[in-house]
Amino acid sequence: WVREHISYEEVMGEDSAAWLKRYDQTMLQYRDNGQRVVVMLAYGTGHDEFKEPDSWKQFVRLMVKRYRNYVDVWEIWNEPDSDTYLSPHSNWRSYRHILKTGSEMVRQYDPDAIVLNGAVADITNTDFITQLYKHGKRYFDDLNVHLYYFLQSDALSPDIEQLQKVVARYREDEQIWVTEFGCSTGSAGVTNKEVKRYTKQVTKELLAFNNVGPILLYTIRDRTYLTDDPYEAYFGLMDEELVPKLVWRWYKLLPNN
C-alpha cells in the first residue's frame, strides 16, 4: 500500500497543469510497481487553507474521474478532529459537508472504491467519533485513524479497546484503518534503535486486533527538505538521501515473516 496526498491548492491553482502531470506520473509508477493506492483529498487555499474551499465538489469530482483506475481507497480530508487541520476548529458541522460531498462524488464516479473518513487524530476524542457515526456513517465505509503513541505506548491497546466499544454502538465488525503510524527521531533522545523496537512492537500489538489494518507507516523518508520542525522532519524509514535506517531493514523483511 501507498498513500498519496492530492492537494486542492496545487490542482486547482495556477500551476494546475504541471501538478496534474506530476500526479499522473506518480499514479503510473504506482501501477507499474503493483502498489495499491490510498489517496487523501484535502485542504483549501488562500488565507484559511483548512477551510472547505468553494469548489470542493468540483475538485473531488475531477480527481476521482481522473484517477479512479489507479486508486483503491479515497480518504476525505485529514484529521478533522484536530484544531490544526480544520477550520472552524474541531467543528463536526464543518466536516460533515466536506465528507458528504466527497463521499457522494466517489460513489458516483468510482463506486467500487472504499471511502474513508479523514483520519481521527485523537482516538480518545469520543465526542467527535460519536458525531461522525451518528450523523455521517453513511458517508464512509471503514473508520480511519492516526496513531502516534511513542511516549505513551502502554495506553494504545486500552484506547483502541475503548474506541471499539464506542464504534460498536453504531456499526458492528467495523474495519479500522491506520493511515498514519510512526515515530520521529527528532524527539529529544529518541534513537533509531528505539524507533525500530517501538514500530515492531506496536505493529504486532495492532495486528492482534482482528479488525485493525491495513497499517500505513509514516513516512518513507525524512522530510527535512520541507520543514524546519525537528519533530515533523524525522519520521522517515530512510533519511533524506534515502539511506535506510534500522526500521527500514525491519520493514523490508515483513513479507518474509
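On a 1 Å grid over the protein atoms alone, a cavity is a set of points where a 1.4 Å probe fits but cannot get out, and its lining residues have an atom within 4 Å of a point. Grid points are joined across faces, edges and corners, and the volume is the space filled by probe spheres set on the points. The structure examined here is a predicted model, in which local features need pLDDT of at least 70 and side-chain atom pairs count only at pLDDT 80 or more, while totals for chains, interfaces and linings use all residues. Residues are numbered from 1 along each chain as its sequence is written, and side-chain values use heavy atoms, with hydrogens and water left out.

A search of the whole structure turned up one cavity of 30 Å³ or more. The volume of the largest cavity is about 30 Å³. Its lining is made of F181, G182, C183, V195, T199, L217, Y218, F235, L237 and V247. Sorted by class, eight of the lining residues are nonpolar, two are polar and none is charged; here Ala, Val, Leu, Ile, Met, Phe, Trp, Tyr, Cys and Pro count as nonpolar, Asp, Glu, Lys and Arg as charged, and the others, Gly among them, as polar.

The next feature to look for is a sheet. Helices (H or I, at least four residues) and strands (E, at least two) are DSSP runs numbered from the N terminus, and two strands pair if DSSP finds at least two bridges between them. Four strands, in the order β1-β2-β3-β4, form an open sheet with parallel pairing. Because β1 (2-7) and β4 (114-117) stand at the edges with a single partner strand each, one side of each has no neighbour in the sheet. On average, neighbouring strands of this sheet are turned by 25° against each other, direction ignored; axes are lines fitted to C-alpha atoms, for helices over the stretch in contact, and angles run from 0 to 180 degrees between N-to-C directions. Six bridges pair β1 with β2 (residues 37-42) in the parallel sense, and I6 has L41 as its bridge partner in β2.

Helix α2 (residues 16-32) touches β1 and β2, and its direction makes about 170° with that of β1. Helix α4 (residues 92-109) lies across β3 (73-76) and β4, at about 160° to β3.

Further along, strand β5 (residues 143-147) runs parallel to β6, joined by five bridges, with V145 partnered by V178 in β6. For burial, buried means under 20% relative accessible area, exposed over 50%, and partly exposed in between (1.4 Å probe, protein chains only). Six of the six residues of β6 (residues 176-181) are buried, so this strand is largely enclosed by the rest of the structure. In helix α5 (residues 126-136), the buried residues include F128, I129, L132 and Y133, and the buried residues of α5 pack against α4, β4, β5 and α6 (156-168).

Some backbone details deserve a look as well. Most residues other than glycine have a negative phi, and most peptide bonds are trans. The bond from S87 to P88, however, is cis, with omega near -5°, and P88 sits in the loop between β3 and α4. Another cis bond joins Y218 and T219, with omega about 5°. D173, although not a glycine, has a positive phi of about 55°; D173 lies in the loop between α6 and β6 and counts as exposed at 76% relative accessibility.

Methods: On a 1 Å grid over the protein atoms alone, a cavity is a set of points where a 1.4 Å probe fits but cannot get out, and a pocket is an open set with protein on both sides within 12 Å along at least five of seven lines; lining residues have an atom within 4 Å of a point. Contact means heavy atoms within 4.5 Å.
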